[in-house]
Amino acid sequence: MGKVILTGDRPTGKLHVGHYVGSVRPRVELQNSGEYEKIFIMIADAQALTDNADNPEKVRQNVVEVALDYMACGLDPAKSTLFIQSQVPQLCELSFYYMNLVTVSRLQRNPTVKAEIKMRNFETSIPVGFFTYPISQAADITAFKATTVPVGEDQLPMIEQTREIVHKFNSIYGETLVEPQELLSKNQACMRLPGIDGKAKMSKSLGNCIYLSEEADDIKKKVMSMFTDPNHLRVEDPGSLEGNTVFTYLDAFCKDGHFEEYLPEYANLDELKAHYQRGGLGDVKVKKFLNNVLQEALEPIRNRRKELQKDIPYVYEVLKKGSEKAEEVAAKTLDEVRSSMKINYFADTELIRQQAEKFK
Ligand code: TRP
């Protein structure tokens, strides 16, 4: 059997460059590698509602924003199935059965859920749906028999929990589900791109993001205001790369070819870094270079997004078709699951015959 990808995002905002290098760009590369038989990219609106139950409009608005970002970055509906989670009812059904295979204490130990509960001040009153979202995520992955789940580090506990559920299901009900493997980025900078203020993570609430839909001038302003080395006061001072956001972004975006084009006095990023550390290289010069590199990456995305925005009904049509295809695949898995769990009464002629025999 061929390899299958499933992954996705919660539609709670437009995507930013952190999403781009951490998840969307690698997905496009995987899509175009031709190594995968099927690729499912899910807009996880139902999961977004687990902590936005009182704000459905926010989720609704962002479904199309995320779809636009996906397609603008090169996720191609002809090669990848783009779909909306809530439109595949089998995922709910599967979650319900998996709930029998997971204990409350196991969910409480999930480090990502733990951290998120803290972040949302849910400690004293956790919505049950939120608490159990790792189970629904296991349903997302297994409904498509995904072998490969490209994700960020924070999602590793979900994949681990999914494998446990698969293992338990298969050992109780017989081989039915596929154990997934995570696929992590090898580039540290891409895995955890900081906000422009140098804070751990890009986040809308911190106002430190560069969005994929951002205009050129705004990108430049944000790059020129980026956090660098606070002790690098004069050009001649030696500078530090540690926690230096501009260099982290260069690690994520820069290729050797960029030097030839925009900064020919250096051959590559290592040379630029060495000069910075030695002293004699000012922040402004490095920021201008980063701006060129970022503009080159983001301009085509922004332009494609604008083109797509002209035909929003088409974008919804893509999601509808994708959701129908996803439902077809999930329904097939559910048939197998029901049969393994012995709740396929009407399809089981042998059962009907046996019962008839019993009452003779
Ligand atoms: N939890 C993911 C996020 O926060 C979204 C998601 C839902 C997901 N189901 C998934 C990711 C299944 C990978 C696999 O964005």
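Lys 342 is exposed, with a relative accessible area of 65%. This is a predicted model, so please keep that in mind throughout. Lys 342 sits in the loop between H16 and helix H17, the latter spanning 349-358. The backbone there has a positive phi of about 60 degrees, although Lys 342 is not a glycine.

Is Lys 145 buried or exposed? Lys 145 counts as buried, because its relative accessibility is 18% and the cut-off for buried is under 20%. Lys 342, at 65%, is exposed because the cut-off on that side is over 50%.

Lys 145 leads us back to H16. Thr 333 lies in that helix, which covers residues 312-340. Its relative accessibility is 3%, and therefore Thr 333 counts as buried. What does Thr 333 touch, once neighbours within four places in sequence are left aside? The contacts are Thr 142, Ala 143, Lys 145 and Leu 177.

Now to the other end of the chain. Arg 10 is in the loop between strand E1 (3-9) and helix H1 (17-33). With 18% relative accessibility, Arg 10 counts as buried. Not counting residues up to four places away in sequence, Arg 10 touches Ala 44, Gln 47, Ala 48, Asp 51, Glu 116, Arg 120 and Tyr 133. For a sense of distance, Arg 10 and Ser 339 are 329 residues apart along the chain, and their C-alpha atoms are separated by 31 Å.

H1 itself is not straight. The helix bends by about 35 degrees at Val 24, and a proline, Pro 26, follows within four residues. Its buried residues are Val 17, Gly 18, Tyr 20, Val 21, Ser 23, Val 24, Arg 27, Val 28, Leu 30 and Gln 31. When you look at that list, recall that an α-helix has 3.6 residues a turn, so residues three or four places apart point the same way. Just after H1, Gly 34 takes a positive phi of about 75 degrees.

H15 runs over residues 283-309, which is 27 residues, and reaches 36 Å from its first C-alpha to its last. That is close to the 39 Å expected at 1.5 Å a residue.

How does H15 meet helix H12, residues 245-253? Their axes come within 10 Å and cross at roughly 35 degrees, and H12 passes H15 in a left-handed crossing. On the H12 side the contact is made by Val 246, Phe 247, Tyr 249, Leu 250 and Phe 253. On the H15 side the residues are Val 286, Lys 287, Phe 289, Leu 290, Val 293, Leu 294 and Ala 297. By type, that contact has 11 nonpolar residues, no polar ones and one charged.

Finally, the whole chain. The protein has 17 helices and five strands. Its C-alpha atoms fill a box of roughly 95 × 45 × 40 Å along the principal axes. Of the 360 residues, 50% are buried. Among contacts between residues at least 6 apart in sequence, 76% join residues at least 24 apart.

Conventions: Residues are numbered from 1 along each chain as its sequence is written. This is a predicted model: local features need pLDDT of at least 70, side-chain atom pairs count only at pLDDT 80 or more; totals for chains, interfaces and linings use all residues. Side-chain values use heavy atoms; hydrogens and water are left out. Helices (H or I, at least four residues) and strands (E, at least two) are DSSP runs, numbered from the N terminus. The expected span of a helix is 1.5 Å times one less than its number of residues. Axes are lines fitted to C-alpha atoms, for helices over the stretch in contact, and angles run from 0 to 180 degrees between N-to-C directions. A crossing is left-handed if the near helix is turned anticlockwise from the far one by less than a right angle, and right-handed if clockwise. Contact means heavy atoms within 4.5 Å. Ala, Val, Leu, Ile, Met, Phe, Trp, Tyr, Cys and Pro count as nonpolar, Asp, Glu, Lys and Arg as charged, and the others, Gly among them, as polar. Buried means under 20% relative accessible area, exposed over 50%, partly exposed in between (1.4 Å probe, protein chains only). The bend at a residue is the angle between axes fitted to the seven residues ending there and the seven starting there.
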